[in-house]
Amino acid sequence: MIEERGWNLVNGERRDGPRAEVVRNPARLSAAVGTVGLADSSLVDEAVRSASRAQADWGSSSLADRQKAVLQGRAALAGASEEGQWARLLTAEQGKIDVESSMEILLGQMLIEQFVQDADAALGPDVLDDELGRRVVTRDPIGVVGAITPWNYPVVLSLIKVIPALLAGNAVVLKPAPNTPFTVSLAMETIGSALPPGVLNVVHGAADVGEALCTHPQVAKVSFTGSVPTGRRVMAAVAPGMKRITLELGGNDAAIVLDDVALDDAAIARMTDAIFMTTGQVCMAIKRLYVHRSRFDEVVGALCEAANSFVVGDGMEPDVTMGPLNNQAQYDKVRSFIFDAERRGGAVNILGARSAASDWSDGYFMRPRIVTAVDDSAPLVVEEQFGPVVPVLPFDDDEDALRRANDTEYGLCGSVWSTDTDRAFALSARLQAGQVFVNAHGLMALDLTCSAGGVKQSGLGRECGIDGLRAYTESRYVTNRRAM
Ligand code: NAP
């Protein structure tokens with residue numbers, strides 16, 4: 001059994017918090033993964049002050065020096081994680097299967113490389129020298145960035161904030177989710193070892209620690225990933241300080257499957273992954289599926305057949321292809337949506353198999369489900385389930401599907417499935433979402449060179465790409481040009 005200790009990282013040193021919390025394995029609730037030391041407001045204050053001191057020199061260092069340091073951190077991370085212990089630790093604390101944990105750690109490294117590559121174009125100065133004079137546009141660091149992240153992809157979602165903030169010359173205080181504190185702490189300590197002390201700090205804790213970070217007067221920007229209700233609280237907390245803010249929030253992604261879709265094995269595999277990957281706990285998962293009535297039975301049949309091959313259990317076991325949900329609140333929420341769908345007369349297809357080696361009573365296990373015969377008003381359709389259950393709804397014409405897909409407060413991602421590229425792109429242009437995929441959806445279709453984020457209640461601002469890097473800067477210009 002792994003017995004981890006999670007620590008805060010302040011000014012380059014490991015620090016215990018005043019309280020310790022036991023973190024349980026969601027696939028073996030009777031087993032502790034380890035204990036994490038939770039910070040209080042005075043440790044948050046220390047972390048922010050140390051970040052503020054370190055930022056002055058870091059922010060005035062050259063971009064090339066910052067890129068070099070970040071790449072050293074990436075190399076150290078690749079070395080430290082290559083034996084697979086980090087992936088196993090991530091599986092133990094998060095619940096996702098081993099292969100997904102390895103993928104998350106690899107994706108983190110790819111993201112770092114991409115950010116370093118994009119940094120010259122995004123962060124370098126624009127200089128114009130002409131007969132009217134000179135104008136220099138710079139993108140200056142904001143100062144200390146508070147980053148707050150959830151438990152579904154703790155490593156990647158932290159790196160996606162920390163690395164661009166650092167490259168832009170900011171110092172960072174990261175607050176990860178307290179139920180997945182270990183792998184992300186290792187990753188941050190490893191990257192931090194390549195940086196001056198205090199440039200990258202970690203404080204663990206729940207809402208009180210997040211609030212202390214959001215309201216600290218020396219935090220100039222907050223970058224938050226999580227649910228819509230918490231995003232609203234974060235936005236309210238930073239308003240009095242007029243702090244800069246990025247919000248990456250929940251989604252209720254619709255996939256629209258048109259009558260001319262090609263349903264080959266590869267397409268069904270992509271659709272199945274986009275629904276059930278990480279037990280459905282992916283912000284950009286397919287959460288509602290609208291299928292043209294002429295193809296409805298075929299799509300439901302193919303998805304049921306694919307989902308039936310899942311083996312649900314402890315992600316550490318080699319034959320398991322779907323891990324447990326991460327926590328009790330999530331487990332209860334998904335179950336309540338399923339019970340409600342049943343009460344409404346929905347047809348709930350329970351699929352996949354239980355792993356014989358896993359103790360079903362000792363984890364948040366749930367077999368995948370495909371639900372039909374529910375109407376658009378069911379909570380399973382209206383709200384974000386974030387679990388291994390998806391409603392499939394028929395439609396008769398494309399306009400009706402588009403209207404229903406857009407009839408939501410969310411706007412993270414969407415997808416259109418069709419063999420006609422022009423038709424698919426025309427419909428995609430009218431889907432209200434920050435990113436739309438054609439014949440694919442979500443994490444496996446992500447283009448790391450593009451900026452991503454939500455519209456409507458799904459967020460504010462963008463991460464990744466040029467926009468994602470510039471989100472950690474204030475632009476300003478100096479000029480002696482007299483154009484008028
Ligand atoms: P959450 O409850 O909003 O929590 C997110 C983070 O905020 C956690 O670290 C949490 O700590 C902290 N927090 C809670 N209350 C806070 C407060 N008042 N002030 C500051 N921080 C606070 O979200 P979750 O349930 O962990 O994550 C799932 C949600 O995240 C889903 O809606 C999912 O779609 C969304 N998500 C979005 C993206 C994206 O890129 N758009 C990516 C991944 C996930 P505690 O854990 O202790 O509450």
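User: Which residues does Val-392 touch, not counting those up to four places away in sequence?
Analyst: Val-392 touches Leu-289, Val-291, Phe-296, Val-300, Ile-370, Val-371 and Thr-372. Contact here means heavy atoms within 4.5 Å. This is a predicted model, where local features need pLDDT of at least 70 and side-chain atom pairs count only at pLDDT 80 or more, while totals for chains, interfaces and linings use all residues. Residues are numbered from 1 along each chain as its sequence is written, and side-chain values use heavy atoms, with hydrogens and water left out.

User: Is Val-392 buried or exposed?
Analyst: Val-392 counts as buried because its relative accessibility is 1%. Buried means under 20% relative accessible area, exposed over 50%, and partly exposed in between, with a 1.4 Å probe and protein chains only.

User: Which strand does Val-392 lie in?
Analyst: Val-392 lies in strand 19, which spans residues 389-395 and has six of its seven residues buried. Strands (E, at least two residues) and helices (H or I, at least four) are DSSP runs, numbered from the N terminus.

User: How many bridges join strand 14 to strand 19?
Analyst: Four, and strand 14 (residues 288-292) runs parallel to strand 19. Leu-289 has Val-392 as its bridge partner in strand 19. Two strands pair if DSSP finds at least two bridges between them.

User: And how many for strand 18?
Analyst: Three bridges join strand 18 (residues 369-372) to strand 19, again in parallel. There, Val-371 has Pro-391 as its bridge partner in strand 19.

User: Switching to the cores. Which residues have the most contacts inside the largest nonpolar one?
Analyst: Phe-115, Leu-123, Ile-163, Leu-167, Met-188, Ile-191 and Leu-195, in a core of 65 residues. Helix 5 (residues 154-167) supplies the largest share, 10 residues. A second, separate core has 28 residues, including Val-371 and Ala-405. A nonpolar core is a set of buried Ala, Val, Leu, Ile, Met, Phe, Trp, Tyr and Cys residues joined through side-chain atoms within 4.5 Å.

User: What is Leu-195 in contact with, leaving aside neighbours within four places in sequence?
Analyst: Leu-195 is in contact with Trp-58, Ala-69, Leu-166 and Leu-200.

User: At what angle do helix 2 and helix 5 cross?
Analyst: Roughly 150°, with the axes of helix 2 (residues 63-81) and helix 5 coming within 9 Å. Axes are lines fitted to C-alpha atoms, for helices over the stretch in contact, and angles run from 0 to 180 degrees between N-to-C directions.

User: Which residues make that contact?
Analyst: Leu-63, Arg-66, Gln-67 and Val-70 of helix 2, with Ile-163, Leu-166 and Leu-167 of helix 5.
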